[in-house]
Amino acid sequence: MFRLEKVFQNDDSFFIKISSLLKVISILLSIYIFSILEFKTIYDLFNINIFTNSKYYNISIFIIPIYFLISIFLNNSNKYKSNFIIFLRYDILPFVITILLYLVFSFTFEINLTLSFLYMVFFIILILYLTKILTNYSYNYLINENIIQRNIMIVGEFKDILKLMNEHSEKINIYKCCLIITDKYTDLSKLRIELKIPIFTQIADIRSILEYHSLGQIWILDNKKNDLEILLNNVLKFSVDILIIDVASKVVGLKENLINNKYKFKYYEISKFYGFKLLLKIISDKILSLIFLISFSPLIAISMLLIYLEDGFPLFFTQDRTGWDGRRFKIYKLRSLKKIKFDKTVQVQVGDSRVLKIGKFIRRFSIDELPQFYNVLIGDMSIVGPRPHMVEHDILYSSLFENFLKRHKSNPGLTGWAQVNGNRGATPTSEHMRKRMEYDLWYLNNWTLWLDYLIILKTFYVVFKKND
C-alpha cells in the first residue's frame, strides 16, 4: 500500500538517517532519565522540570548537536551494516569524541564534573547498544517482509554470473533470474541446473520477464572483456534501475558501499523516486486522495445514479494498465460507454457513438477518473505521474519509441506534466503519443514535490477551462 520497497530501493541511506535520528533521541532520553533517577524515582519520570533545572540539561545541549554532526561526518556509507565493529565505529566513536570535546570544554570554562558524569556516560553507551539491537532487528524485519529486498536480474557471461551466485550474497539482494549473453542456446538446460534460477537470452521478451518477476534492479556484470555496450543495449530501454558491477577489479583494503562487500559498482540509470522524498510523496498522495474522495463523493454518487438510470449496471469500468516497473494493476473508472460489444483497445474519439449521454459530461470534466483516487490509496497510482496506458498500447508503442517503457520509472498518475501541457485525452496518432512520452520523461528527470503541487493546481485550470 505504501510502496516502502521503493523508498528503500536504491540504497540504505534513508534507513541510516532514521537510525541516526533514533540514536540522537536515545542519547537525549538517556540523559533525561539519568538526571531524574539520580535523586528521584521512576514515579518522577514525567516531571520535566527536574531535568531542565539540573546540570544535565546544559550537558545535553552540548552533547546532542555535537554527536549528531560528528556521526554524520564519520558515516558516509549508504549501506546499513549490523556487526559490532560498525557499532563501535559509527555509534561509539562519535560519542567518545563528543565526550572528549565536552571534557575540554569543561576544563576550559572550569566546570566541575563529578563521578555521576562517568556513570551517565556508561549508561548512554548501554542505551546506544540497545538502540543498535533495535535498529538491527528492524532492518532484518524489513528484509524478511520483502519491504527492502531488491529483486534483481543479472546480465552477463555465464562464468561471471556463476561466480556471483556461488558467493555469499547480502540478504537484501534476491537474484530472481539472469540474462546470459551467449550464442549457444542449446546449453541452457545444463546452465539452469548449475545456477538454479530462471535463465534467459537476448531473444527473450524482457518486458514480460520484468513484469513477471517484479524486478527492481538489473545488474550488468562488467568483466572488462565483454562489450559493455552490448550488455546495456539488451536492457537500456526498460524502466528498471540499472547498476554496473565491476567483477574484474580486486578491492584492496576495507571500503564502504560494495556489492557483497567486494565488488565496486556504479549506478548507470536509476529512478529519482526513492528515499525520504518519495516517502513524502506517498504520504502526500494518501492525504490528498482521502480529501478528494470525501470532497467529490457527492459528485461521484450523483454520476453513478445517472449512469444507472441511463444504462443500468455496471457502474464502474475496470481495465488492466501498466504501472511501476511494468507491473500490471486494475484501474477504476466510472463507466462512460454503452454496454455494447466493441474493441476496448480503440480509444474514444470526439463524437464517439459508444459514449453515454452522461458519459460525455463526466468525460469532459474528468469525473469518470475520480475513482482512481482509490488506486492512489492502495498504492497502484500516484496523484501526479505519467498516465497509465492499456497493456496493448504499451506493447505497441514500445516497439515504435525506444524510450517509451522508461515512463514506468514511477507510479502512474491521475494527472501529469503531459496532461497540463495540452496532451490530455486520447492519442489518435503515434505523434500524439510521442509528445506525451517526451513530457512524461521530462517529468521523471526533473521531479520534485513542488512540481507535483504545481501540476495539481494546473490540472484544475485545464479541466475547467473552456474548450478551444
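Is Ser289 buried or exposed, and what is its relative accessible area? Ser289 is buried, at a relative accessible area of 0%, where buried means under 20%, exposed means over 50% and partly exposed lies in between, for a 1.4 Å probe and protein chains only.

The model is predicted: local features need pLDDT of at least 70, side-chain atom pairs count only at pLDDT 80 or more, and totals for chains, interfaces and linings use all residues. Residues are numbered from 1 along each chain as its sequence is written, and side-chain values use heavy atoms, with hydrogens and water left out.

Ser289 belongs to helix H11 (residues 275–311); helices (H or I, at least four residues) and strands (E, at least two) are DSSP runs numbered from the N terminus. Apart from neighbours within four places in sequence, Ser289 contacts Phe373, Val376, Leu377 and Ile383, contact meaning heavy atoms within 4.5 Å.

Thr459 lies in helix H16 (residues 449–464). With 19% relative accessibility, Thr459 also counts as buried. Residues up to four places away in sequence aside, Thr459 touches Thr415 and Val420.

The table gives a polar contact of each side chain. A polar contact is a pair of N or O atoms within 3.5 Å; within protein, one must be able to donate a hydrogen and the other to accept it, and residues adjacent in sequence count only if both atoms are side-chain atoms.

| Side chain | Partner | Distance |
|---|---|---|
| Thr459 | Thr415, side chain | 2.8 Å |

**The six-stranded sheet**

Six strands form an open sheet with mixed pairing, in the order S3-S2-S1-S4-S5-S6. Two strands pair if DSSP finds at least two bridges between them. Strands S3 (199–200) and S6 (264–269) are at the edges and have a single partner strand each, so one side of each lacks a neighbour in the sheet. S3 pairs with strand S2 (residues 173–180) in the parallel sense over two bridges, and Ile199 of S3 is the bridge partner of Cys178. Helix H7 (residues 158–165) packs on this sheet and touches strands S1 (150–156), S2 and S4 (217–222). The direction of H7 makes about 165° with that of S2; axes are lines fitted to C-alpha atoms, for helices over the stretch in contact, and angles run from 0 to 180 degrees between N-to-C directions.

**The S7–S8 hairpin**

Strands S7 (residues 316–322) and S8 (residues 328–334) pair in the antiparallel sense over seven bridges. Tyr332 in S8 is the bridge partner of Thr318. Five residues separate the strands of this hairpin, in which Asp325 takes a positive phi near 60°.
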